[in-house]
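Please read the report below alongside the sequence and the structure. It takes up the loops, the strands, the helices and the aromatic rings in turn.

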Amino acid sequence: MSSSQNREMGLCFLVCIVSCSFIYVSSQSAVAGNDNSSVSEGTVFIDGKTSIGKIDEDFICATLDWWPPEKCDYGTCSWDQASLINLDLNNNILLNAIKAFSPLKIRLGGTLQDKVIYDTEDNKQPCVQFVKNTSQMFGFTQGCLPMYRWDELNAFFKKSGAEIIFGLNALAGRSIKSDGSAVGAWNYTNAESFISYTVKKNYSIYGWELGNELCGSGVGTRVAAAQYASDTISLYNTVKKIYSSIEPKPLVIAPGGFFDANWFKEFVDKTGNSVNAITHHIYNLGPGVDTHLIEKILDPSYLDGEADTFNSLQSTIKSSATSAVAWVGESGGAYNSGRNLVTNAFVFSFWYLDQLGMASAYDTKTYCRQSLIGGNYGLLNTTTFVPNPDYYSALLWHRLMGRNVLSTSFSGTKKIRAYTHCAKQSKGITLLIINLDNSTTAEVTVTFNSTWRLHQKHKHKLHKPHRSHKLHKPHRSHKSHKSKVIQLPQRSTSGITREEYHLTAKDGDLHSQTMLLNGNILTVNSSGDIPSLEPLHVNSSKPIMVAPFSIVFVQMPYVLPACS
């Protein structure tokens with residue numbers, strides 16, 4: 001063994017207890033809480049033995065919708081020129097915002113997709129745009145996608161590096177009965193022609209999705225599960241035929257609606273392996289007009305409620321023979337376009353990041369946020385294209401949270417939410433902590449309860465490989481956190497730094513549309529460039545300080561078995 005190895009070995013201490021043992025790693029942030037705030041201690045427990053879920057590398061997804069400017073909710077018209085038909089594809093901020101993800105999944109669809117015809121050679125109807133008509137389903141007449149616009153969109157998507165999921169019209173060929181149900185088989189003639197055009201033009205499509213919110217009791221109308229399964233198999237066969245000589249083939253995705261246990265079970269069982277991703281939608285906060293949205297967002301028990309849906313869908317998929325995976329295909333939190341200064345403000349990052357963490361823990365592979373732009377829940381401002389706070393939350397998640405999800409719990413105040421993944425671009429782990437308390441700073445220590453390798457990262461070069469030494473620990477069950485915690489001697493962690501990204505609202509105002517990273521305002525420059533997201537480098541010998549109403553991503557240079 002070399003002298004340098006001996007020196008590194010000296011940094012690690014073998015800790016053994018007969019019944020259990022913990023490695024206690026503590027750290028402190030340079031961004032402290034308010035001077036007036038009280039301090040509450042707590043502990044994050046991370047099980048590093050095995051992962052409990054695995055997300056896609058490109059987990060973050062956002063939507064583009066069809067709503068024209070005339071789409072209004074509760075007297076507010078919030079869509080402006082954000083539709084697939086009229087969005088300004090020459091806007092530099094839009095391009096840079098998408099490119100920053102390299103890649104961002106974008107799902108094209110929404111309520112009106114089931115009223116869109118494609119102006120391909122087979123189409124004999126005039127190609128006219130949506131017109132507001134309150135007597136029509138969804139409040140608009142039929143719309144049309146001209147092929148020149150599809151060409152423009154694809155040129156933009158190629159330039160931005162986006163991965164495209166296209167939502168097809170699933171109501172073609174059906175008739176609506178007096179009870180509100182849509183009956184008859186899907187007529188896929190126009191869709192088949194559109195997919196053929198797309199392939200001939202060599203446009204890259206990540207997935208073809210069938211329909212929007214037609215499952216279960218549906219929105220506007222509904223289709224029975226057995227019929228929907230049959231139609232999805234038709235789409236699968238169409239894609240297989242048109243892409244016969246092309247690999248990889250796009251995913252076939254469905255049903256893109258609200259989870260209904262019985263409907264989804266029948267659908268999953270009857271589609272077999274003719275569907276790749278099962279998509280469900282989430283608007284668990286209720287309508288955008290609700291004046292209690294912030295109370296719901298700040299209520300841990302309310303946030304916990306959505307776990308039932310994730311758990312049920314996960315169980316449905318596991319108990320069937322399908323190889324399909326779960327996606328959140330659309331999620332805007334508050335339906336009917338969200339609420340201005342709530343779903344496009346700092347406070348919404350509490351809900352959004354908690355959703356990303358929870359979805360991941362239930363093995364959701366992709367999470368599509370409604371919307372990239374448009375309505376009051378866009379990641380980008382509808383008129384200026386300037387990123388809203390959730391854009392930066394999404395970008396930090398994308399860059400820091402790796403594929404493997406670790407079981408994480410918090411002992412202390414209920415106002416702390418904590419999620420851990422293996423780190424994305426480096427060895428180690430990334431811990432996400434959300435503090436929903438308005439006046440209490442959380443002083444957080446972290447414990448691991450598994451045999452693990454400790455990789456010392458000198459300075460902060462996270463890309464550089466380092467030697468490791470095993471710390472053997474007896475197996476223990478994770479039923480109780482009462483066992484004695486052993487802290488590594490100070491000199492073993494004093495040379496280790498980790499990275500912290502603290503997110504706060506400007507002036508502490510939850511309604512603010514300006515987010516601060518480590519105390520610095522995040523904004524695009526005059527050229528429309530997305531700012532760099534720089535961490536604080538923190539000595540690991542102090543606890544993590546999470547200020548009131550703040551969020552922190554912590555990248556820790558410790559490699560657990562689940563991450564190696």
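## Loops and backbone exceptions

Pro 248 has its place in the loop between helix H5 (225-242) and strand S11 (251-257); helices (H or I, at least four residues) and strands (E, at least two) are DSSP runs, numbered from the N terminus. This is a predicted model, in which local features need pLDDT of at least 70 and side-chain atom pairs count only at pLDDT 80 or more, while totals for chains, interfaces and linings use all residues. Residues are numbered from 1 along each chain as its sequence is written, and side-chain values use heavy atoms, with hydrogens and water left out.

Most residues other than glycine have a negative phi, and most peptide bonds are trans. The bond from Glu 247 to Pro 248 is cis, with omega near -10°. Another cis peptide bond runs from Gln 370 to Ser 371, with omega near 5°. Ser 371 is found in the loop between strand S16 (366-369) and H11.

That loop between S16 and H11 also holds Phe 385, whose phi is near 70°, a positive value in a residue other than glycine. Phe 385 counts as buried because its relative accessibility is 6%; buried means under 20% relative accessible area, exposed over 50% and partly exposed in between (1.4 Å probe, protein chains only). Asp 363 is not a glycine either, and has a positive phi of about 65°. Asp 363 is found in the loop between H10 and S16 and is partly exposed, with a relative accessible area of 25%.

## The barrel

Eight strands close into a barrel, in the order S3-S4-S7-S10-S11-S12-S14-S16, and the pairing is parallel. Neighbouring strands of this sheet are turned by 25° against each other on average, direction ignored. For such angles, axes are lines fitted to C-alpha atoms, for helices over the stretch in contact, and angles run from 0 to 180 degrees between N-to-C directions.

Strands S12 (residues 277-282) and S14 (residues 325-331) run parallel and are joined by six bridges; two strands pair if DSSP finds at least two bridges between them. Ala 277 has Val 325 in S14 as its bridge partner.

Helix H9 (residues 307-318) has twelve residues and reaches 16 Å from its first C-alpha to its last, close to the 16 Å expected at 1.5 Å a residue. The expected span is 1.5 Å times one less than the number of residues. Among the buried residues of H9 are Phe 310, Leu 313 and Ile 317. The cover over the buried residues of H9 includes helix H6 (261-271), S12, helix H8 (300-304), S14 and helix H10 (348-361), where contact means heavy atoms within 4.5 Å.

Helix H11 (residues 389-400) also has twelve residues; its end C-alpha atoms are 17 Å apart, which agrees with the 16 Å that they should span at 1.5 Å a residue. Eleven of the twelve residues of H11 are buried, so H11 is largely enclosed by the rest of the structure. These buried residues include Tyr 391, Tyr 392, Trp 397 and His 398.

Seven of the seven residues of strand S19 (residues 429-435) are buried. Both faces are covered, with Ile 429, Leu 431, Ile 433 and Asn 435 on one side and Thr 430, Leu 432 and Ile 434 on the other.

S19 runs antiparallel to strand S18 (residues 416-423), and seven bridges join them. Tyr 419 has Leu 432 in S19 as its bridge partner. S18 and S19 form a hairpin with five residues between them, and Gly 428 in the turn has a positive phi of about 120°. Seven bridges also join S19 to strand S28 (residues 550-556), again antiparallel. Here Thr 430 stands opposite Gln 555 in S28.

## Aromatic rings

A search of the whole structure finds 28 aromatic pairs. Rings of Phe, Tyr and Trp (its six-membered ring) pair if their centres lie within 6.5 Å; planes under 30 degrees apart count as stacked, over 60 as edge-to-face and the rest as tilted. Trp 150 and Phe 194 form a tilted pair, 5.0 Å centre to centre with 45° between the planes. This pair links distant parts of the chain, 44 residues apart: Trp 150 is in helix H3 (residues 147-160) and Phe 194 in helix H4 (residues 189-200). Trp 150 counts as buried at 0% relative accessibility, and Phe 194 is buried with a relative accessible area of 0%. Ring pairs link Tyr 118, Trp 150, Phe 166, Phe 194 and Trp 208 into a cluster.

Charges also lie over rings. Lys 71 lies over the face of Trp 67, at 4.2 Å from the ring centre, and the charged end of Arg 369 sits over the ring of Tyr 352, 4.7 Å from its centre. The criterion is NZ of Lys or CZ of Arg within 6 Å of the ring centre and within 35 degrees of the ring normal.
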